[in-house]
Amino acid sequence: MKRDSRLSAVLHALLHMAEHRGPMTSEALGRCLGTHPVVVRRTMGLLREAGLVSAGRGPAGGWAIAVDLATVTLRDLHQALGEPALFAVGHRSEHPDCLVEQVVNAALDDAFDQAEALLMERFASVSLAQLAAEFAHRHQAHRARRRRSAA
C-alpha cells in the first residue's frame, strides 16, 4: 500500500531551505528531494497558502521560509498539507448491516481516534527549529568523523 510521504518531503525541503539561508528554486529543491519541480511547486503552494513560505520571482527568486522555525510544528505542516490520513487501515464496509462488523468498526474507530490524538499531540510538540538543531548536530558529528578518518 502506498504511503502519503508529503509531510516527510515537506520537512526535508524546509530543513534544506533553512540550511541554505536564502531562496531556493523549485529545481534546486527538486534535486534535494529527488522529485520533479512541478511536485515541489504544488506542495510549496500549499505552504504558501498557510503563510509558511513565500515565493519570489526573478534571478534572485525562489521559495523562502516566511516564519520563525521555532513557531512551526509538525502539526502546523500536517494541517497545511490538508491533514492527510495518518493511517492506511480502514473498514471493510463503512455502513455495515452486520452487528459483528458494527462492533469491529466501533472498536477500530476508537483505537484510531486515540492513536491520532496522541500523534497530533506529539506533532504539536516538535518544531522545525528542533529538527534543524538536530540536523546541525548530526552534520557536525558527521564532519568530525570524516576529518578523523581522513587524518
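Some ground rules come first. Residues are numbered from 1 along each chain as its sequence is written, and side-chain values use heavy atoms, with hydrogens and water left out. Because the model is predicted, local features need pLDDT of at least 70 and side-chain atom pairs count only at pLDDT 80 or more, while totals for chains, interfaces and linings use all residues.

Start with the helices. Helices (H or I, at least four residues) and strands (E, at least two) are DSSP runs, numbered from the N terminus. Helix α1 covers residues 6-20, and helix α3 covers residues 37-49. They pack at an angle of about 80°, with their axes 11 Å apart. Axes are lines fitted to C-alpha atoms, for helices over the stretch in contact, and angles run from 0 to 180 degrees between N-to-C directions. So α1 is roughly perpendicular to α3; that word covers 65 to 115 degrees, while angles under 35 count as roughly parallel, over 145 as roughly antiparallel, and the rest as oblique.

Which residues meet here? On the α1 side they are R6, V10, A13, L14 and M17, and on the α3 side T43, M44, L46 and L47. Contact means heavy atoms within 4.5 Å. By class, this contact has seven nonpolar, one polar and one charged residues. Ala, Val, Leu, Ile, Met, Phe, Trp, Tyr, Cys and Pro count as nonpolar, Asp, Glu, Lys and Arg as charged, and the others, Gly among them, as polar.

Helix α2 (residues 26-33) also packs on α3, at an angle of about 105° and with the axes 8 Å apart. That makes α2 roughly perpendicular to α3. From α2 come S26, E27, L29, G30 and L33; from α3 come P37, V40, R41 and M44. This contact has five nonpolar, two polar and two charged residues.

Now the strands. β1 (residues 53-56) and β2 (residues 62-65) pair in the antiparallel sense over four bridges. Two strands pair if DSSP finds at least two bridges between them. V53 stands opposite I65, and S54 stands opposite A64. E83 is found in the loop between α4 (74-80) and α5.

On a 1 Å grid over the protein atoms alone, a cavity is a set of points where a 1.4 Å probe fits but cannot get out; a pocket is an open set with protein on both sides within 12 Å along at least five of seven lines; lining residues have an atom within 4 Å of a point. Grid points are joined across faces, edges and corners, and a volume is the space filled by probe spheres set on the points.

The largest cavity has a volume of about 30 Å³. Its lining is L14, L52, I65, V67, L69, V72, L77 and L128, and that makes eight nonpolar, no polar and no charged residues.

The largest pocket holds about 360 Å³. It is lined by 16 residues, with R3, D4, S5, A85 and L86 nearest its centre. Helix α1 gives the most to this lining, with four residues.
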